[in-house]
Amino acid sequence: MNAYQSIAPSLMPDSKAARIITIVAHGKPGRLAPGQLEFRSPPPLSLYVHIPWCIRKCPYCDFNSHEARRQIPEADYIAALIADLESALPLIWGRKVSSIFFGGGTPSLFSGQSLDTLLTAIRTLVPLLPDAEVTLEANPGTVESEKFAAFRDAGINRLSLGIQSFNPAHLKALGRIHNGNDARRAIEIATRHFDNINLDLMYGLPEQTLAQAMDDVDAALAYAPTHLSCYQLTLEANTAFAAAPPALPDPDCCADMQDAIEARLAIAGFTHYETSAFAQTGRHCRHNVNYWTFGDYLGIGAGAHGKLTLHNQVLRQMRWKQPKQYLAKVAEATFIDNEFAVDSADLPFEFMMNALRLNQGFDVSLFEARTALPLVSIENELRQAEACGLIVRRPGHIAPTELGRHHLNRLLECFLTEKPGNTP
């Protein structure tokens, strides 16, 4: 089994951006020889900052997050992030950063002063576009009005709230530290300080009905958010839910939830632009769109992953995962745990794994720009996907069909260098 076959369960439509973009970095070291590829210009560049601590580890979460059982070493970690960024400057020298995303964990555990210190250093070290999107993930259980004001003053201009549900029974089942009233209060506070807000919702929750799922969507819409992310709950390996699975709605019920959510949000004026993402006009998450269009991103912080296009290769990196280990390694000026060039044979799959999550698809010129490969190199794969009714090809453009969007795993298998079942 190769690295890509092993990730198939994580490619279902309910997967979050972070899971899709980081999982591939566990792949085999590339066999790419210098000069084999030639990139004429690098793609847009984003910066991802990982803050790994949270108050409590949710039973469904398989991200690199760690319960803060004692005081978080906030000042030391901010200093480590700045040193981490400084170490990466030779790889991104002169390139402008179009977006920053603070993910976790729960980044809102940090103070506004700490984020201000970090953002000031970022602006000093790298050229940041004047209209750069700067997103912070926040947990409703860590919300204070003064803190949100400080985040805004530091330069955060987009907030992503992990609501998940407004139903107290479902929040309890998910192990969340907030209740429905906390969620509503967090949104009300957020709207006082931010005009660009995403709300995360989950469906297919333990013992959830279709009506209850729609109640959550209606409750979110009442606050007129600019963006909604709607994910189906799945049981991921190495989580508490995987060890003791709760009773989830059957697949047909979850499919009905998905269809109903998409229809309701379309009526409300949202564009369903990516598998799990819905936006008001002009409010797409620019950071995540850069992921889906196979753009570049530098990842700093514990366990952060990155993808950087050099003149003749695509480089993937992973920082040290455990927070204590990360801090210790940074002190030794050893920032990278794993680094490799993506094999040119695997670039088409990596590109498609991202771009085919976009409902509108992509221009064929984007494939050639991002992989340095001609589209004809995957003509057989494209014909197979088209024959199965999974994509539609128009002059200069490729997009997933409705069947392809709903069966993304099956579509992506067409582009695997080693098909499932063919490896001893």
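This is a predicted model: local features need pLDDT of at least 70, side-chain atom pairs count only at pLDDT 80 or more; totals for chains, interfaces and linings use all residues.
Which strand is Q164 found in? Q164 belongs to strand β6, residues 158-164, where strands (E, at least two residues) and helices (H or I, at least four) are DSSP runs numbered from the N terminus. Residues are numbered from 1 along each chain as its sequence is written, and side-chain values use heavy atoms, with hydrogens and water left out.

**View 1. The whole protein, with its 16 helices and 17 strands.**
Buried residues make up 55% of the 424 residues. Here buried means under 20% relative accessible area, exposed means over 50%, and partly exposed lies in between (1.4 Å probe, protein chains only). Among contacts with a separation of 6 or more, 74% are between residues 24 or more positions apart, a contact being heavy atoms within 4.5 Å.

**View 2. Backbone angles at Q164 and A224.**
Most residues other than glycine have a negative phi, and most peptide bonds are trans. Q164 is not a glycine, yet has a positive phi of about 70°. With 5% relative accessibility, Q164 counts as buried. A224 is also not a glycine and has a positive phi of about 50°. A224 lies in the loop between α7 (210-221) and β8 (227-232), and at 61% relative accessibility it counts as exposed.

H50 is buried, with a relative accessible area of 6%. Leaving aside neighbours within four places in sequence, the contacts of H50 include N64, Y77, L81, G104, G105 and I300. H50 and H305 are 255 residues apart in sequence and 9.2 Å apart in space, C-alpha to C-alpha. Look also at G104 and G105, which are joined by a cis peptide bond with omega about 20°. G105 is placed in the loop between β4 (97-104) and α3 (112-125).

**View 3. Helix α14 (residues 379-387) and its buried side.**
Which residues of α14 are buried? They are E379, L382 and A385. These three cover an arc of only 125° around the axis, which puts them on the same side of α14; the arc is that of the directions from the helix axis to the C-beta atoms. An α-helix has 3.6 residues a turn, so residues three or four places apart point the same way. The face turned away from the buried side of α14 carries the exposed residues N380, R383 and A387. The buried residues of α14 pack against α12 (347-355), β16 (391-394), β17 (397-400) and α16 (408-413). After α14 comes G389, with a positive phi near 75°.

**View 4. Aromatic pairs, of which the whole structure has eleven.**
Rings of Phe, Tyr and Trp (its six-membered ring) pair if their centres lie within 6.5 Å; planes under 30 degrees apart count as stacked, over 60 as edge-to-face and the rest as tilted. F148 and F194 form an edge-to-face pair, 6.2 Å centre to centre with 80° between the planes. This pair links distant parts of the chain, 46 residues apart: F148 is in helix α4 (residues 145-154) and F194 in the loop between α6 (180-193) and β7 (197-203). Both F148 and F194 are buried. Elsewhere, ring pairs link W53, Y77, F110 and Y326 into a cluster.

**View 5. Cysteines in a structure with zero disulfides.**
A disulfide is a pair of cysteine sulfur atoms within 2.5 Å. For C54, the nearest cysteine sulfur is that of C61, 6.8 Å away, and C54 is in no disulfide. C54 is buried, at a relative accessible area of 5%. C230 is in no disulfide either, with the nearest cysteine sulfur, that of C254, 13 Å away. C230 is buried too, at 6%.
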